[in-house]
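Colleague: Could you walk me through this one? I would like to hear the criteria along with the values.

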Amino acid sequence: MNFVISTTALLKQLKAISGVLNSTSSLPILENFLFEIKKGELSIHASDTETTIITKIAVESNDSGSIAIPAKPLIETLSNFPEQPVSFSIDKARHGIKLATDNGEFKLTGFNGDEFPRTPVLDGATTMTIKTDVLSNAITKTIFAAGNDDLRPVMSGVFCQFSETESLFVATDAHKLVRYRRSDAKGDSAASFILPKKPLTLLKNLLSGVDDVVKVEYNKKNASFSFLNTFIVCRLIDGKYPNYEAVIPKQNPNKLTIDRSALLGALKRVSIYSNKATHQVRFKIAGSALDIFAEDLDYSNEAHERLNCVYAGEDLEIGFNSRFMVEMLSNIESDEINLEMSTPNRAGIITPTAKTNPQEDTLMLVMPVMLNN
């Protein structure tokens with residue numbers, strides 16, 4: 001089995017899908033890329049058993065067959081090549097691989113391609129299409145809020161719900177929550193599932209700079225995404241997502257409107273002086289002024305900044321985790337944000353004052369931190 005390919009083109013594809021590889025896998029075969037040649041097209045597979053990514057690229061070859069090639073030495077070798085054609089010669093019987101350029105040869109031993117895990121087939125799958133920018137935005141604006149607790153796996157992913165009128169994406173770790181709606185992305189029928197964080201992160205990176213339509217297929221166990229020359233399939237998280245609507249307070253009489261960049265900058269500066277365990281900052285709101293305080297009693301550090309704002313409600317003092325606030329404000333595009341609150345022990349609601357896209361709706365919730373008065 002022989003083929004010729006550009007070093008730069010091949011390396012770009014390998015790096016794009018290499019994020020799925022797991023160096024601690026118990027299956028040695030998963031430390032390899034699966035190369036499959038058929039009708040002048042090279043399909044490259046990478047997998048960790050939970051998620052599989054396939055990318056396709058045209059090559060000069062009339063052969064067909066497969067071989068598993070060790071990922072790390074292949075990427076390291078190609079990374080040190082200038083742009084040039086490289087010839088691959090595969091000895092199927094011995095699983096030997098030879099890379100040849102105008103200046104030298106490189107040999108390594110691979111594995112039987114038949115040992116590589118088969119890509120799941122989605123039987124009885126439902127299909128829908130969604131624009132790449134819509135899906136990319138949905139991932140970006142929710143994934144940071146997903147949890148990392150192995151004891152609560154349903155909260156370690158993003159909840160996706162499709163209907164005939166809208167698409168909904170939700171992520172929460174019990175301390176913060178993001179609900180992102182799109183009225184311009186609709187399913188043919190009602191469906192919901194939980195996507196794991198790892199494949200979503202990989203998908204987000206693969207969608208970067210791509211202007212296309214993504215074909216989404218899903219059944220009860222798996223979901224797949226295909227666009228251009230890329231296909232990614234992942235196992236869904238099994239379980240029932242928590243009733244997130246129940247934790248969103250409906251009555252929030254205290255409403256603050258403030259410049260997003262000014263608040264974000266102040267939080268970044270003041271939080272340097274906060275306690276390194278709690279990251280607590282104190283909001284004191286009265287009239288048209290927001291005072292932000294932070295202190296670390298262990299080191300006698302403290303900081304304070306005052307910002308102008310528009311506020312309607314009773315004077316209020318409430319504590320937040322500055323890291324959560326910074327994450328949320330960094331993922332909003334509006335020049336100004338609304339912060340709605342009720343009491344110091346109930347969640348605050350953050351929304352953009354102006355929508356960059358009339359067909360999207362973003363709501364962020366952050367739980368308060370108990371103040372030590």
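Modeller: Gladly! Buried residues make up 50% of the 373 residues in the protein chain, where buried means under 20% relative accessible area, exposed over 50% and partly exposed in between, with a 1.4 Å probe and protein chains only. This is a predicted model, in which local features need pLDDT of at least 70 and side-chain atom pairs count only at pLDDT 80 or more, while totals for chains, interfaces and linings use all residues. Residues are numbered from 1 along each chain as its sequence is written, and side-chain values use heavy atoms, leaving out hydrogens and water.

Colleague: Why is phenylalanine 159 called buried?

Modeller: Its relative accessible area is 9%, and the limit is under 20%, so phenylalanine 159 counts as buried.

Colleague: What makes phenylalanine 159 and tyrosine 241 a stacked pair?

Modeller: Rings of Phe, Tyr and Trp (its six-membered ring) pair if their centres lie within 6.5 Å; planes under 30 degrees apart count as stacked, over 60 as edge-to-face and the rest as tilted. Here the centres are 4.9 Å apart and the planes 10 degrees, hence stacked. By this rule the count comes to 11 aromatic pairs.

Colleague: Why does the pair of phenylalanine 159 and tyrosine 241 tie together parts that are apart in sequence?

Modeller: Phenylalanine 159 lies in strand β11 (residues 157–162) and tyrosine 241 in the loop between β17 (230–235) and β18 (254–259), so the pair links parts 82 residues apart in sequence.

Colleague: And why is the pair of phenylalanine 159 and tyrosine 244 called tilted?

Modeller: Their ring centres are 6.3 Å apart and the planes stand at 55 degrees, so this pair is tilted.

Conventions:
Helix = DSSP H or I, 4+ residues; strand = E, 2+ residues; numbered from the N terminus.
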